[in-house]
Amino acid sequence: MTAAYLPAAAARPGLRPGARPRHAGELILVVNANSSGVRRQPELASRFAFMLRSEGASVELRVTDSAAELAAVAADPERRLVLVGGDGTVHGLANLPELGAEIALLPVGGANNIARSLGLPVDLAAAARLAVRGRARMLDAIEACSATRRVVVVEGVSIGLHAFARARYGGLNSTDVRAAVGAGIAAVARFHPVHMALQLDGEAELAALGQLFAANLPFYGPRLAVAPDADPSDGLMDVVALHTRGRLDTVAALTALRRGRDSRAVARRRAHRVRVAAAGSPVIADTLELGSGTLDLTILPGALRIVAPGR
C-alpha cells in the first residue's frame, strides 16, 4: 500500500511502555484489502472478527486500501488496532502522520518477516488470542533520509544486489514468484559490486560491496535471515556487509543468509547512526525505492507499540 512518508513517530502521542489502553477490550479490526493473504482469502475478515469476539473483545471492522483510510483509524491512543495483513500493512502504518494506537498483527502476508521476527504465533487462533490479551512492546524503527524523501523503516534498508532486484520487481505484493524470479535474473545479469562510502557512528570507511543491509529486525527481503540476533528494542541497527567480488559469490552469500548461515564474506556491526553514499545502486527502504545518492539512517527508539510475546 502507499503511505504518506512524514516525520518520525518519536513525537507521536502514546502511552507509557507496556501500558494497555483504557478500552483494551475494544478493538478496531483493520483489514488491508491489498494484502496477498486477504486477496487469496476474502473471508478472513469475518473469520478474524469471530475469533476476536470469542476471546471477549468488542470488535469494530474496518477495510482499508489506502494510507488515508488507515490514518483515519490510527490516531486514537486509547484503541488497539488489530491489523489483518502482512509486512506492507505495518510499513504503511509506521509512516502515518499521527499514530497513537498500539498495534496487534494477524499475519496473513506472503513473507511475514515482521511477525516471524517478533515471534508472533503462526496459528491464527493463537494470534487472535494474543491480539486481545497480549501486552504491547515498544519497538524501534529506522529513519531513512535521502535527498528527496524521508521514511520510517520497520524491517531494514538495502543497497546492492538485493536492491537491484527489488527495484526491478513489478509484482503487486510479495507472493508473485514469477515477477521475483524475473527481477532476480535481470539484476544478477547486470550486477557488479557497488562502491560505497560508509560512516557508522562517525567512523568512516570506503568499500566495494556486493550488498549492504541496515537491519532493524532479524528477517528482511524474501525471508532472508539478514540479522538473526537483531533486537528491535536495543536502540541499534545491525549493519551487514557482504564483501563479495562478483555476481556469483554475492548470490552465494545471499543464499547462505536465506538458509540462516554466514559466509566468509559477511561482516556485521551495530550502530546508532549510519551515513552511506553508494555509486549507482538503488536504495530500498523496506520495499520502497528511495533512488540513489547519500542516505542518512538514524534509530528511532520506541517508535512503534506492537503486541508481541515478551523477551
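In which hand, left or right, does α2 pass α6? The crossing of these two helices is right-handed; that label applies when the near helix is turned clockwise from the far one by less than a right angle, and left-handed applies when anticlockwise. The structure is a predicted model, in which local features need pLDDT of at least 70, side-chain atom pairs count only at pLDDT 80 or more, and totals for chains, interfaces and linings use all residues. Residues are numbered from 1 along each chain as its sequence is written, and side-chain values use heavy atoms, without hydrogens or water.

Helix α2 spans residues 44–54, and α6 spans residues 124–133. Helices (H or I, at least four residues) and strands (E, at least two) are DSSP runs, numbered from the N terminus. The two helix axes come within 9 Å and cross at roughly 55°. Axes are lines fitted to C-alpha atoms over the stretch in contact, with angles from 0 to 180 degrees between N-to-C directions. The pair is therefore oblique, the class left after roughly parallel (under 35 degrees), roughly antiparallel (over 145) and roughly perpendicular (65 to 115). R47, F48, M51 and L52 of α2 meet L124, A125, A128, A131 and V132 of α6. Contact means heavy atoms within 4.5 Å. By class, this contact holds eight nonpolar, no polar and one charged residues.

The largest nonpolar core has 53 residues. Such a core is a set of buried Ala, Val, Leu, Ile, Met, Phe, Trp, Tyr and Cys residues joined through side-chain atoms within 4.5 Å. Buried means under 20% relative accessible area (1.4 Å probe, protein chains only), exposed over 50%, and partly exposed in between. L29, L52, L81, L93 and L106 touch the most other members. Helix α2 gives the most to this core, with six residues. Beyond four places in sequence, L52 touches L27, L29, A57, V59, V82, A128, A131 and V132. Another core, of 46 residues, lies apart; L209, Y220, A227 and A253 are among its members.

Helix α4 (residues 87–94) is largely enclosed by the rest of the structure, because seven of its eight residues are buried. These are D87, T89, V90, H91, G92, L93 and A94.

Most residues other than glycine have a negative phi. N112 has a positive phi of about 55°. This residue sits in the loop between β4 (102–107) and α5 (113–118). N112 is buried, at 14% relative accessible area. D286 also has a positive phi, of about 60°. Its loop joins β14 (283–285) and β15 (288–289). D286 counts as buried, with 5% relative accessibility.

Conventions
Nonpolar A, V, L, I, M, F, W, Y, C, P; charged D, E, K, R; others polar.
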